[in-house]
Amino acid sequence: MDEILIPICASADVVEGGKGIRFPVVAGSYETTGFVVRYHGVAYAYLNRCAHVPIELDWVEGEFFESSGLYLMCSTHGAIYDPQNGHCRGGPCRGGRLRQIAIREQDQQIFWQPDDFVRPTRA
């Protein structure tokens, strides 16, 4: 079976510790968003859903990092997550984690890969 890669954005659009880029996905049976951020030079993508309560993390579209730029933060309850693996490091989700979305960076582009739970939206 061929590997499916769905474009998100140009690599240059995801700046170290800056705004994340949201992209549409279907998670289970719900249309929602994923997001990609860059941390220590590497792009990471997650389902835009807090591990504590299934709500979007960003407080303003694309704003996922808290003020120090070290952690991703849920805008509603203040849960903080490690950007490299999605593990909750503090707040009401302690011990939980964000659902990672597989991505690939090639040819100055970032692509995501669907799996059994996170799929593309229907056109």
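Tutor: A residue is buried at under 20% relative accessible area, exposed at over 50%, and partly exposed in between, using a 1.4 Å probe and protein chains only. Leu72 has 0% relative accessibility, so it counts as buried. This is a predicted model, in which local features need pLDDT of at least 70, side-chain atom pairs count only at pLDDT 80 or more, and totals for chains, interfaces and linings use all residues. Residues are numbered from 1 along each chain as its sequence is written, and side-chain values use heavy atoms, with hydrogens and water left out.

Student: How many aromatic pairs does the structure hold?

Tutor: Rings of Phe, Tyr and Trp (its six-membered ring) pair if their centres lie within 6.5 Å; planes under 30 degrees apart count as stacked, over 60 as edge-to-face and the rest as tilted. The structure holds four such pairs. The ring centres of Phe23 and Trp112 are 5.6 Å apart and the planes stand at 35 degrees, so this pair is tilted. Phe23 in strand E2 (residues 21-27) and Trp112 in strand E9 (residues 109-112) are 89 residues apart, so the pair links distant parts of the chain. Both Phe23 and Trp112 are buried.

Student: Is the pair of Tyr39 and Phe65 stacked or edge-to-face?

Tutor: Tyr39 and Phe65 are stacked, at 6.3 Å centre to centre with 25 degrees between the planes. Tyr39 is buried at 9% relative accessibility, and Phe65 is buried at 8%. Ring pairs also link Phe35, Tyr46 and Phe64 into a cluster.

Student: In what order do the strands of the open sheet run?

Tutor: Two strands pair if DSSP finds at least two bridges between them. Three strands form an open sheet in the order E1-E9-E8, with antiparallel pairing. Strand E1 (6-10) and strand E8 (103-106) stand at the edges with a single partner strand each, so one side of each has no neighbour in the sheet. E1 and E9 pair over four bridges.

Terms used. Helix = DSSP H or I, 4+ residues; strand = E, 2+ residues; numbered from the N terminus.
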